[in-house]
Amino acid sequence: MLHNRLTEQYGLDVPFVSAGMGFVAFPELVAAVSNAGGLGLLGSGIAPPPAVRDMIRKTRSLTSRPFGVDYVVADTALGPATTAEHIEVCIQERVPVVVFFWNVPPADWIARLRESGIRIWIQAGSIDRAKKAVAIGADGLIIQGSEAGGHNHSQAGLFALLPAAVDAVSPVPVIAAGGIADGRGVAAALALGADGVCVGTRLIASQEAHAHEEYKRRVVVAGIDDIARTCIFGPEWPDQPMRVIRNRVVREWAGRDDRTPAAPNPSQSIGHTSIGGQEYPMPKFSAVLPVQGTTGDFEEMCLAAGESAGLVTEIKPAADIVRDMMTQAERIMSRGLRRR
Ligand SMILES: Cc1cc2nc3c(=O)[nH]c(=O)nc-3n(C[C@H](O)[C@H](O)[C@H](O)COP(=O)(O)O)c2cc1C
């Protein structure tokens, strides 16, 4: 098995982290990844603090292994995605790792987590942001390349960004995110200096992901050319770049997709879902991802996925995905460049 300082420091069997995907990375997926020896990250998305607490407790009921919680630091149209109360939940529930994405968190959150012994990781898509994260005290960085699914700040592909980030923040551990969906990607990321990999898109197509079955199916059939970068999604959080699967609405707005358009008919809904137990009629251009129980028109919905969807050919249990990716990586690394 692949062991390194990440596995040693965090009590893992393999240097595999599952992405804290909002709406998708719920307790079943997180626990399956942690039980397989990786580090599962809960996607809190826009869930209020009591819902995050419930998710943490549910995860704990499914695994005794370490896991983390992912928080988005941003002001959305629905209010701040993460508040000091969210941070207190992680402290009270003694979550081992908290990950922040999008903006850098306020210093008092970092201080509170630190004094509680919680490790802090920050996901960054540029060298500047990576250095800033280290300066405010991050224990680890997830470096996100422009291939990555979901919200994506990065302008650079992982192949150049990752080694540059490793050099810039050494000796802080770096985890690679974006485009990694099989053992070849894992081996490449480790060769480029990463301590581990963070995998999102491949795990949408896992049995345990909370994503809707039709969304999973579309990840499986999508080729790399079916993935687009667009800002059209998000009355909930406007004008944010995302990688998604191209469907009718993405095609219709191609070329006019550098911001979220105003809905032609604001009362029109494209589907129905529930968020943290609350019914939610999805507005046109909604960035809310379809999950189990969502109904509506999938040609209008936001189907977040990265370029690595082109490598995903089947829905499998998350444990098999972790094991297969790590075994293939190990085989490649032990054979050198001769064969895959
Ligand atoms: C469906 C989906 C939802 C995501 N939601 C979040 C999120 O809520 N917070 C976050 O930090 N990253 C989120 N991400 C980005 C991941 O953290 C990660 O950067 C990305 O999945 C890695 O690239 P990959 O999708 O090619 O594996 C999301 C990614 C996907 C695919």
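Analyst: P171 sits in the loop that links α7 (158–169) with β10 (174–177); helices (H or I, at least four residues) and strands (E, at least two) are DSSP runs, numbered from the N terminus. The model is predicted, and local features need pLDDT of at least 70, side-chain atom pairs count only at pLDDT 80 or more, and totals for chains, interfaces and linings use all residues. Residues are numbered from 1 along each chain as its sequence is written, and side-chain values use heavy atoms, with hydrogens and water left out.

F23, in the loop between β1 (16–18) and α2, has a phi near 75°, a positive value in a residue other than glycine. F23 is buried at a relative accessible area of 18% (buried means under 20%, exposed over 50%, partly exposed in between, with a 1.4 Å probe and protein chains only). F285, in the loop between β15 and β16, also has a positive phi, near 70°, and is not a glycine. With a relative accessibility of 1%, F285 counts as buried.

Strand β14 (residues 269–275) pairs with β15 over 6 bridges in the antiparallel sense, and T273 has Y280 of β15 as its bridge partner.

Elsewhere, strand β7 (residues 119–124) and β8 run parallel and are joined by 4 bridges, with Q123 opposite I142 of β8. In β8 (residues 140–144), 5 of the 5 residues are buried, so the strand is largely enclosed by the rest of the structure. G140, I142 and Q144 point one way from β8, while L141 and I143 point the other way, and all are buried.

In helix α10 (residues 213–221), the buried residues are E214, Y215, K216, R218, V219 and V220. The buried residues of α10 pack against α9 (201–204) and β13 (242–245).

Helix α2 (residues 27–35) and helix α3 (residues 49–62) have axes that come within 9 Å and cross at roughly 40° (axes are lines fitted to C-alpha atoms, for helices over the stretch in contact, and angles run from 0 to 180 degrees between N-to-C directions). α2 and α3 are therefore oblique to each other (under 35 degrees counts as roughly parallel, over 145 as roughly antiparallel, 65 to 115 as roughly perpendicular and the rest as oblique). From α2, P27, E28, V30, A31 and N35 meet M55, K58, T59 and L62 of α3 (contact means heavy atoms within 4.5 Å).

For helix α4 (residues 84–92) and helix α5 (residues 107–115), the axes come within 10 Å and cross at roughly 10°. That angle makes α4 roughly parallel to α5. The residues in this contact are A84, I87, E88 and I91 of α4 together with W109, R112 and L113 of α5.

Key:
Two strands pair if DSSP finds at least two bridges between them.
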